[in-house]
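Please read them beside the sequence and the coordinates.

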Amino acid sequence: MKIVMIQSAPKWADAEASLARVEQLIGESPSADVYVLPEMFATGFCMQPERIAQPEGGAVLTRMRQLSARYDAAIVGSVAVVDGGKSYNRMYFVSPDGTIARYDKRHLFTYSGEDKHYAPGTERCIVDFRGVRFLLQVCYDLRFPVWSRNRGDYDAIIYIASWPVARISAWDTLLPARAIENQCYVVGVNRVGDDPACSYSGHSMAIDPRGTIVARCSESVEDVRTVTLDIDSLRRFRAKFPVIADADPFTIVTK
């Protein structure tokens with residue numbers, strides 16, 4: 001399974017310019033199974049959904065579907081969406097056959113007021129694509145390990161983010177922790193550049209189940225990096241060292 005991390009710099013509240021740049025970056029790595037884009041890759045992390053939010057099935061999702069079909073690969077990223085009268089930070093996993101999986105960000109970043117403008121999701125989302133099971137997560141979700149705890153139901157976590165320079169050490173620490181504790185691959189894609197509130201340095205990376213960084217984007221610049229997930233190796237490791245089987249049972253209650 002070949003994953004391409006697209007560490008882009010969204011143009012503030014300018015979906016057309018951001019999409020054009022994303023298409024260019026994807027075109028630089030035209031052979032992959034999955035392309036992963038940052039959180040709110042088309043607009044930046046904007047707390048004005050009335051300004052940027054798309055209707056469900058809007059122009060950004062349409063372009064994601066077109067790219068998925070063109071490259072015969074899944075396209076993954078989040079979009080500000082209005083659905084049923086509420087705004088969501090919605091992560092899409094768009095497959096080339098037209099199938100669309102949706103994950104609404106569960107943990108809203110209260111420090112920035114995200115909870116005042118967007119509604120939280122209530123359901124985890126796991127996507128089975130070409131024999132690999134992916135758990136979808138967005139940015140602040142990374143700080144809440146119970147929400148991502150592996151129950152033997154996925155092989156890799158995809159984290160997409162707008163994680164600023166001021167707190168990048170937490171990103172660098174928690175991504176490998178999630179890989180180790182869940183005995184899975186982790187792919188974390190963060191943005192670069194600036195918006196009206198923050199600066200972003202990227203640090204996009206892929207980590208194997210032992211916590212080793214196996215691919216990393218260059219710091220503070222747009223970059224594209226590829227990683228191959230070896231699922232057969234993951235299965236052998238889990239069988240030999242059965243962390244998931246030894247884990248404590250639990251139930252998540254959402255409200």
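**Notes on the model**

1. Val22 sits in helix α1; helices (H or I, at least four residues) and strands (E, at least two) are DSSP runs, numbered from the N terminus. The residue counts as buried because its relative accessibility is 1%, where buried means under 20% relative accessible area, exposed over 50%, and partly exposed in between (1.4 Å probe, protein chains only). Leaving aside neighbours within four places in sequence, Val22 is in contact with Ser8, Leu37 and Phe41, contact meaning heavy atoms within 4.5 Å. Ser8 is 14 residues from Val22 along the chain, and their C-alpha atoms are separated by 7.0 Å.

2. A word on the basis of these values. This is a predicted model, in which local features need pLDDT of at least 70 and side-chain atom pairs count only at pLDDT 80 or more, while totals for chains, interfaces and linings use all residues. Residues are numbered from 1 along each chain as its sequence is written, and side-chain values use heavy atoms, with hydrogens and water left out.

3. Overall form. The chain comes to six helices and 15 strands. Its radius of gyration is 17 Å, which agrees with the value near 18 Å that a compact globule of 255 residues would have; the radius is taken over C-alpha atoms, and the globule rule is 2.2 Å times the number of residues to the power 0.38. The C-alpha trace spans about 50 × 40 × 35 Å along its principal axes.

4. Burial, contacts and surface. Of the 255 residues, 56% count as buried. Among contacts between residues at least 6 apart in sequence, 66% join residues at least 24 apart. The accessible surface is about 10700 Å², with 49% of it belonging to carbon and sulfur atoms; areas come from the Shrake-Rupley method with a 1.4 Å probe, and for residues only the protein chains shown count as cover.

5. Charge. There are 30 positive and 31 negative side chains in the chain, and the centres of the two sets lie 2 Å apart. Lys and Arg count as positive and Asp and Glu as negative, with His and the chain ends not counted. Each charge is placed at NZ of Lys, CZ of Arg, CG of Asp or CD of Glu.

6. Met91. This residue is in strand β5 and counts as buried, because its relative accessibility is 0%. Beyond its neighbours within four places in sequence, Met91 has contacts that include Val76, Gly77, Ser78, Tyr103, Leu136, Val138, Ile158 and Ile160. Pro38 is 53 residues from Met91 along the chain, with 9.8 Å between their C-alpha atoms.

7. Ser95. The loop between β5 (86-94) and β6 (100-104) holds Ser95. At 10% relative accessibility, Ser95 is also classed as buried. Apart from neighbours within four places in sequence, Ser95 is in contact with Ser68, Ala74 and Phe129.

8. Trp163. This residue lies in the loop between β9 (156-161) and α5 (168-182). What is its burial state? Trp163 counts as buried, since its relative accessibility is 4%. Not counting residues up to four places away in sequence, Trp163 touches Cys139, Tyr140, Leu142, Arg143, Ile168, Ala170, Trp171, Asn190 and Tyr200. Gly57 and Trp163 are 106 residues apart in sequence and 26 Å apart in space, C-alpha to C-alpha.

9. Cysteines. How many disulfides are there? The count comes to zero, a disulfide being a pair of cysteine sulfur atoms within 2.5 Å. Cys46 is in no disulfide, and the nearest cysteine sulfur, that of Cys198, is 13 Å away. Cys46 counts as buried, at 0% relative accessibility. The sulfur of Cys198 is 10 Å from the closest cysteine sulfur, in Cys139, and is therefore too far for a bond. Cys198 is partly exposed, with a relative accessible area of 25%.

10. Backbone angles to check. Ala13 has phi near 55°, a positive value in a residue other than glycine. It is in the loop between β1 (2-7) and α1 (15-27) and is partly exposed, at 26% relative accessible area. Arg130 has phi near 50°, also a positive value in a residue other than glycine. Arg130 is in the loop between β7 (126-129) and β8 (132-138) and is partly exposed, at 41% relative accessible area.
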